[in-house]
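Dear colleague,

Please find the structure below, followed by a short account of what was found in it.

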Amino acid sequence: MEAIMQRIQKALQKEFSSKGIILEDAGDGFVGGWVISKSFEGLNGTQRQQRVWSLFDKHLARKDQTRLSVFLTFTPLEKKMIFEETANGLGAPSSKKAIATTDDKASRRKARNMAANHFAE
């Protein structure tokens with residue numbers, strides 16, 4: 001698992017800072033993670049995902065691509081807002097409006113919970 005994670009990290013570092021790349025064993029041989037970058041500002045969720053997955057297409061072998069899971073994309077402000085909201089309790093509204101990376105509430109809640117669980121460890 002360590003070898004594929006290194007290859008994924010290297011592919012993502014072609015465009016993103018290593019400080020903003022968090023990879024995790026997603027189970028059953030899959031790898032998922034988070035990419036946090038100021039360069040996502042002004043991009044919608046589809047555009048962000050296209051940036052991430054185009055790196056995988058260009059820099060990972062097909063056998064590695066079949067082991068990719070979910071990669072969440074956030075700006076640094078979005079990451080901060082998720083944790084301010086999480087500090088008030090998962091799903092509890094904060095005094096500030098969080099900037100969403102997805103269009104529906106259920107997807108935002110799921111992304112927030114996944115990120116909160118990861119960063120709380």
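**The sheet and its helices**

The model contains an open sheet of three strands in the order 1-2-3, with mixed pairing. Two strands pair if DSSP finds at least two bridges between them; helices (H or I, at least four residues) and strands (E, at least two) are DSSP runs, numbered from the N terminus. Strand 1 (21–27) and strand 3 (68–74) are the edge strands, each pairing on one side only. This is a predicted model, in which local features need pLDDT of at least 70 and side-chain atom pairs count only at pLDDT 80 or more, while totals for chains, interfaces and linings use all residues. Residues are numbered from 1 along each chain as its sequence is written, and side-chain values use heavy atoms, with hydrogens and water left out.

Strand 1 pairs with strand 2 (residues 30–36) in the antiparallel sense over six bridges. Within this pairing, Asp25 stands opposite Val31 in strand 2.

Helix 1 (residues 2–12) lies across strand 1, strand 2 and strand 3. Which residues of helix 1 are buried? They are Ile4, Met5, Ile8, Ala11 and Leu12, where buried means under 20% relative accessible area and exposed over 50%, with partly exposed in between (1.4 Å probe, protein chains only). These residues lie on the same side of helix 1, because they cover an arc of only 125 degrees around the axis, the arc being that of the directions from the helix axis to the C-beta atoms. The face turned away from this buried side carries the exposed residues Glu2, Gln6 and Lys10.

Yours sincerely

Note on methods:
Contact = heavy atoms within 4.5 Å. Axes fitted to C-alpha atoms, helices over the stretch in contact; angles between N-to-C directions.
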